[in-house]
Amino acid sequence: MQDTVKPSEPHVMTTYGRVPVALERGQGVRVWDVNGKEYLDALGGIAVNTLGHNHSKLVAALHDQMTKLIHTSNYYYVPGQEKLAALLVERSKMTNVFFCSTGLEANEAAIKISRKYGVDKGIEKPVIVVFDHAFHGRSIATMSATANPKVRNGFGPLLDGFLRVPANDFVALQEATEGNPNIVAVMMEPIQGEGGLHPMRAEFMKQVRELCDAKDWLFVVDEIQAGMGRTGKWFAHQWSGIVPDVMSLAKGLGSGVPVGAVVAGPKAAKVLQPGNHGTTFGGNPLAMRAGVETIAIMEEEGLLANATKVGDYLQAALNQALAGTPGFVEVRGQGLMIGVELNKPCGELITRGVQEAGLLFSVTADTVIRIVPPLILTEAEADEIVTKLVPLVKSFLAGQ
Ligand SMILES: *Cc1c(COP(=O)(O)O)cnc(C)c1O
């Protein structure tokens, strides 16, 4: 059986250190491996499986769509694009959408929009402000915007045109950009995901919004992980009351089907003109159906409210169960985007979680356990996460 999990002569590149388990099927927040062993999925495909696994309504809609059209190309109108764009525009108070297939593509488009916004007003060498601990993807441009040296190293020369500043420090941001005529945009994750679950403060986001208005910069939010209801609002920046000029989405948008999007407000919506940008797969009928159905089902099932309710419950339960444990730092996050920080690197817990506790989760920034389950999670299932995770964390922190 082991051979079906880890081939002795793999033909797949070793870009991941994988947990030695092969998953075969899922239902709700549970998955089963090829040997029939059951796991609780608190990772949700890395904040992707909004509706959990094998959601009957989503599956029926996708099946229906597959019998009609899967793909046609962007040479023709795709009715589903207007449908999904309207749903996103209505929820974001923004105006226009470009569809792609992944997160980094959405950020590439956001970066291209930002640069061209500056070039169109005579800035020849546009600069985008980005933050410590930021993660925006692994293409050359999005890697250049990313902070983590582990992501960047070995792929230089990276792109110029990014200025990095500390998060949540408005004075530092003002000082770093003071008198620089080349700034075109500020780009941030409202809650940094890969960087260790660090939220931007609402007050800071309001100050950035005001500065962008005063300086005519675009405010770009990367909602690829925090967006689509995960924090209890459609988009995490909405907790601060601001409206950005550009927003990138992906992960949870298609509930497992690859769907990415860049949403733009009036300042940015007309920057890209025919011939400026494109994609073969982006916005295909199957992907659009996945996005439209995901939003419809989220609404039917009240999943924004559920993310807040069960997220608060889970955070409180984790806090209570871990309080006073030596080596436990804190629980933080919003809704069902939760980080549990420990005082030492805990990457080994990913495999131990699977093997010893039957629980899927990840670790970011070396020391932060990341819990980003499907938004259908119930309080009983949240209790199960606590029951599985806490003993594991305690024994790990006790050196066992
Ligand atoms: C995952 C992620 C990306 C990259 O998305 P891909 O689909 O892996 O390219 C970009 N930004 C943030 C905040 C992410 O969480």
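Which backbone atom lies 2.8 Å from an oxygen atom of the ligand? It is a backbone N or O atom of Leu104. The structure is a predicted model, in which local features need pLDDT of at least 70 and side-chain atom pairs count only at pLDDT 80 or more, while totals for chains, interfaces and linings use all residues. Residues are numbered from 1 along each chain as its sequence is written, and side-chain values use heavy atoms, with hydrogens and water left out.

**Domains and their interface**

- The domain assignment of the chain gives domain 1 (23-54 + 302-397) and domain 2 (69-300); such bounds come from an automatic or database assignment.
- Between the C-alpha centres of domain 1 and domain 2 the distance is 27 Å.
- Domain 1 brings 26 residues to the contact and domain 2 brings 29 residues, where contact means heavy atoms within 4.5 Å.
- The size of an interface is often given as the accessible area lost when the parts come together.
- Here about 2,300 Å² is buried between domain 1 and domain 2, and carbon and sulfur atoms give 59% of that area; buried area is the accessible area (1.4 Å probe) that two parts lose on being put together, summed over both.
- Of the area that domain 1 buries against domain 2, Leu304, Gln334 and Met337 supply 29%, more than any other three residues.
- Between domain 1 and domain 2 there are 14 residue pairs in polar contact, both residues being at pLDDT 80 or more.
- A polar contact is a pair of N or O atoms within 3.5 Å; within protein, one must be able to donate a hydrogen and the other to accept it, and residues adjacent in sequence count only if both atoms are side-chain atoms.
- On the side of domain 1 that touches domain 2, the elements giving two or more residues include helix H11 (303-322), strand S13 (328-334) and strand S14 (337-342).
- Helices (H or I, at least four residues) and strands (E, at least two) are DSSP runs, numbered from the N terminus.
- H11 gives the most to this side of domain 1, with four residues.

**Salt bridges**

- The count comes to 19 salt bridges, each being a side-chain nitrogen of Lys or Arg within 4 Å of a carboxyl oxygen of Asp or Glu.
- Two salt bridges are found across the interface of domain 1 and domain 2.
- Glu194 and Arg370 form a salt bridge in which the closest N and O atoms are 2.6 Å apart.
- Arg30 pairs with Glu384 in a salt bridge (2.9 Å, N to O).
- Arg30 lies in strand S2 (residues 30-33) and Glu384 in helix H13 (residues 379-397), so this pair ties together parts that are 354 residues apart in sequence.

**Ligand surroundings**

- Gln225 has a polar side-chain atom 2.7 Å from an oxygen atom of the ligand.
- Phe135 has a polar backbone atom 3.4 Å from a nitrogen atom of the ligand.

**Local backbone features**

- Ser73 lies in the loop between helix H3 (56-68) and helix H4 (79-92), and its side chain reaches the backbone nitrogen of Tyr75 at 3.0 Å.
- Most residues other than glycine have a negative phi, and most peptide bonds are trans.
- Ile46, in helix H2, has a positive phi of about 65°.
- Gly156 and Pro157 are joined by a cis peptide bond, with omega about 0°.
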